[in-house]
Amino acid sequence: MAGSGNTNKPEAQQRHRQRMQRKKEVVDAAIARADQTKGLLLVLTGNGKGKSSSAFGMVARALGHGMRVGVAQFIKGRSDTGEEAFFRRQAGMTWHVLGEGFTWDTQNLERDSETARRGWGVVQKMLRDPEIDLVVIDELTYPLKYGWLDMGMVLSDLKGRPPMQHVVITGRAAPQALCDLADTVTEMRDVKHAFQAGIMAQQGIDL
Ligand code: ATP
Ligand code: MG
């Protein structure tokens, strides 16, 4: 193995220990500084894969701690995903598919707005329920982008939620105002995706 000859020398080991010690001091100081607790708003955006699946990873974490979780999906049509099949079976879980039975029909702005507004009504109930510890609003950025939901209303409902409630929002092209309000914003970058090589969505990976 390249370079492995050096790492066994006592001086190299000593240097490594010192470096790790300094790193530990910096990390410990940062941990000591982070002494607040609050309900977080997270935004997962960008064109790369991993936004919804990251959100559902946090759902698993929360349920594992016995927390109560609500998911609302602003999706186009019904698609039977593995996460829905799995999480619906778990205790402490509420799952809403908003727009079920509909196809977002951009030809009919009035109907799309109405569907989105009705969906937001379901989200509002969760954002007013202190019994729900984590709310995931999956693909919220689309109804915002097309103006089906009023940005001011969405922001004010998010601000007014119970102080300890966490919210995770996913979707490409998250509006700046939403990112400004969020505590944590992650942008997934598309380096490459199998779909571009002609590979269809795979069960267990893409749905
Ligand atoms: P995932 O649900 O896999 O975490 P996502 O939420 O980041 O993906 P969406 O924009 O919601 O991505 O798209 C959902 C579907 O599109 C998934 O099947 C996903 O694999 C696929 N997808 C995501 N990013 C890309 C991409 N850059 N190119 C092609 N397909 C993509
Ligand atoms: Mg998604």
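## Loops, cores and ligand shell in a predicted model

P175 is located in the loop that connects strand 5 and helix 8. The model is a predicted one. Leaving aside residues up to four places away in sequence, P175 touches T141, L144 and M151. The C-alpha atoms of P175 and K145 are separated by 7.7 Å, although the two residues are 30 residues apart along the chain.

A173 belongs to the loop between strand 5 and helix 8. A173 has a positive phi of about 50° and is not a glycine. Most residues other than glycine have a negative phi. At 55% relative accessibility, A173 counts as exposed, because the cut-off for exposure is over 50%. A positive phi, of about 65°, is also found at E139, which is not a glycine. E139 lies in the loop between strand 4 and helix 6 (141-145). E139 has a relative accessibility of 18% and therefore counts as buried, the limit being under 20%.

Ligand 1 is surrounded by 15 residues, and the closest are K49, K51, S53, E139 and D206. By class, the shell around ligand 1 divides into two nonpolar, seven polar and six charged residues. Helix 3 (residues 51-64) gives the most to this shell, with three residues. The table lists side-chain contacts to the ligand.

| Residue | Side-chain atom | Ligand atom | Distance |
|---|---|---|---|
| K49 | N or O atom | oxygen atom of ligand 1 | 2.4 Å |
| S53 | polar atom | oxygen atom of ligand 1 | 2.5 Å |
| H193 | polar atom | oxygen atom of ligand 1 | 3.3 Å |

Taken alone, ligand 1 exposes 570 Å², of which the protein buries 81%.

The largest nonpolar core comprises 26 residues, and W120, I137, L140 and L158 have the most contacts inside it. Two or more residues of this core come from each of strand 1 (41-45), strand 2 (69-74), helix 5 (109-127), strand 4 (134-138), helix 7 (151-159), strand 5 (166-170) and helix 8 (176-181). Helix 5 gives the most to this core, with five residues. Apart from this core lies another, of 18 residues, including V69, V71, W95 and M188.

I137, one of the residues with the most contacts inside the largest core, touches A72, F74, W120, V123, L158, V167, V168, I169 and T170, with residues up to four places away in sequence not counted.

L127 is found in helix 5. The relative accessible area of L127 is 2%, so this residue is buried under the 20% limit. Residues up to four places away in sequence again being excluded, L127 touches W120, V135, D157, L158, R161, P162, Q165 and V167. The C-alpha atoms of L127 and R161 are separated by 5.1 Å, while the two residues are 34 residues apart along the chain. W120, L158 and V167, which are among the residues touched by L127, are also among those touched by I137.

Conventions: Residues numbered from 1 in each chain as written. Chains lettered and ligands numbered in written order. Predicted model: local features only at pLDDT ≥ 70, side-chain atom pairs only at ≥ 80, totals over all residues. Heavy atoms only, no water. Core = buried A, V, L, I, M, F, W, Y, C linked by side-chain atoms within 4.5 Å. Buried < 20%, exposed > 50% of the residue type's maximum accessible area, 1.4 Å probe, protein only. Helix = DSSP H or I, 4+ residues; strand = E, 2+ residues; numbered from the N terminus. Contact = heavy atoms within 4.5 Å. Near = heavy atom within 4 Å. Polar contact = N/O pair within 3.5 Å; in protein donor to acceptor, adjacent residues only side chain to side chain. Areas by Shrake-Rupley, 256 points an atom, 1.4 Å probe, with all protein chains shown as cover. Nonpolar A, V, L, I, M, F, W, Y, C, P; charged D, E, K, R; others polar.
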